[in-house]
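Please look over the sequence and the model shown below before reading on. The report that follows takes up the sheets and then a pocket.

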Amino acid sequence: MRKLRAGSERKRLFGACLIILFLFLNFIFFYFYSLSTLPTNQYGEMDLYNENINARSDLLLFSSHDSPIASASAPASNGDASPASAFITGSKTTKDIDIEIIDISSNFTLSSEVINITHSPKNNEIHIHLKTPSDGRRCKNPTFEGRISGPYLALLQWDHDSIFANPNKTNDVIIGKYQVPSAGVYFIEIIVKLCNSITYSSNFAKQCLEDSRNNQITEIGASINVLAPSNNVRTDSDFPLGFWKWKGDVERNPSKLYVPLLFRFQAAGCWGSKALECQKAVSLSRFEDYDFVWNDLLIDDSMQFIGAGGSWHRTGDLTQFQGVSETTVCLAGQSHSRNMQRQMEFLNVTQSIKVDFFSALFTRPGQDRDLVKEFTNMKASSGCNFTVVAVGQWAASFAGNRPFLMYEWDDIMRKIINAIQLAGSYPIIRLLHKQPVMQRSAMCFPQDWRAHAMSGYNEVLVKIGREMNIPIIDTRFIISPVFDSWADFMHPKMQPAFRESNYVMRELLKLIGSFQKF
């Protein structure tokens, strides 16, 4: 009897194992089948970004033709007369609304500290209302990142977000401002980047970013109603020279609507990972629907584009770049400057100005270097009449095992500019490219600080330019709204890079032309 029972138990156990094996093999089959059927984008990657957004869109936004976006007409390019300038919200138009409440995510790293987020359409402002420190607030002066997306793209500019701000002052209301050329319904995403802002004197080498998987404080699909700017605003010197514009047309193709352009990031543990979560966060497909446009329609920047057949073709007129090459400009830096020099040559805009690249690498403070000798050698070898300096990426990278702190960056940049002048070249500052969150910067403690430091480094450069009377070329209006669109997370490519390189050359032509008059 014991043998019979033992045999029966073995049979039952064997049968159970067969069932488990069958279920496991079915799971593997359907998992890989689902991956193979996901759509791909122009980069050949699975379009997980739009799959995720579209799966939620019926619930969030597009379930009814009465929704603001579904009823919006094509974005207008000027004035308040646009049909898009008065979207209906309840029984009031946007012009009648003083304050809008923005939907907040139910769970994020600062969820216990944010009271609410409001929008003032008339002032183009976003207000984040925080609990007071006496109520147990963990983050005294948090740093936020925000972007609105829809007819156009724009990053929020935060009033308090300055490395020169008083570190002892606590702000209970954080104000972010935006500028776009057209009215409409715009999606908004705000994330918390740092619990406490970096200051000029602070040591941020061990300051961790907030968890990039859980730092989104606005709900996916949160939106605001934006008014068209007045003519006075549009002609102000602070108004951006151009914008990234949505390619679609709501009026002609209402079935294809824009979706929220969420920040792209690489979380800790996602380097080289094939996990769906990681692939969704780094997908590039979100940027496909935007092209850069100038406010001034008379600007002819002579670009190169890839046509439908995959071949390059040129738009615009090269006349503005033609002439005898009597001036040499050296782009001092590393890969960002080297890439720009190559792009300028590819665009064929270096006809009247010769552009050369000079390798200038600064990885850690305290290096014993003869900077005057370095730049004198540059001047002798390349004949650099002008030197465009942009050397900050490596200074905040993993290469030096710690970043240049803000005051150290201030010191080395003043020394570099003095050395260029003593070498007999005329210095020009190019502001640095903003960098998204990568695995090294997302780690705690961080092993790379470019996501921490670039905005502060640029503040220092602006201050140096003003105090030392050095011209500045600022391309942030081109680069920053799509700063997270670089395939390698570091270097602008394709249209953003071409637009920037072309603009820098036109600015050089102006600067050198005005310099030669004296």
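Which residue in strand 9 is the bridge partner of Ile-128? In this predicted model, the partner of Ile-128 is Ile-174 of strand 9, and the two strands concerned, strand 5 (residues 125–130) and strand 9 (residues 173–177), run antiparallel and are joined by five bridges.

Both strands belong to an open sheet of five strands with antiparallel pairing, in the order 3-4-5-9-8. Strand 3 (100–101) and strand 8 stand at the edges with a single partner strand each, so one side of each is left without a neighbour in the sheet.

Another open sheet has four strands, again with antiparallel pairing, and its order is 7-6-10-11. Its edge strands, strand 7 and strand 11 (223–226), each pair on one side only. Strand 6 and strand 7 run antiparallel and are joined by two bridges, and Ile-148 stands opposite Ala-154 in strand 7.

The largest pocket holds about 1500 Å³ of space. Its lining has 48 residues, and those closest to the centre are Leu-156, Gln-157, Asp-474, Arg-476 and Ser-480. Among the elements that give two or more residues to this lining are strand 6 (143–149), strand 7 (154–155), strand 8 (157–158) and helix 12 (494–516), while helix 10 gives the most, with 10 residues. The table divides the lining by residue class.

| Class of lining residue | Number in the largest pocket |
|---|---|
| Nonpolar | 24 residues |
| Polar | 11 residues |

Terms used
Residues are numbered from 1 along each chain as its sequence is written. This is a predicted model: local features need pLDDT of at least 70, side-chain atom pairs count only at pLDDT 80 or more; totals for chains, interfaces and linings use all residues. Side-chain values use heavy atoms; hydrogens and water are left out. On a 1 Å grid over the protein atoms alone, a cavity is a set of points where a 1.4 Å probe fits but cannot get out, and a pocket is an open set with protein on both sides within 12 Å along at least five of seven lines; lining residues have an atom within 4 Å of a point. Grid points are joined across faces, edges and corners, and a volume is the space filled by probe spheres set on the points. Ala, Val, Leu, Ile, Met, Phe, Trp, Tyr, Cys and Pro count as nonpolar, Asp, Glu, Lys and Arg as charged, and the others, Gly among them, as polar. Two strands pair if DSSP finds at least two bridges between them.
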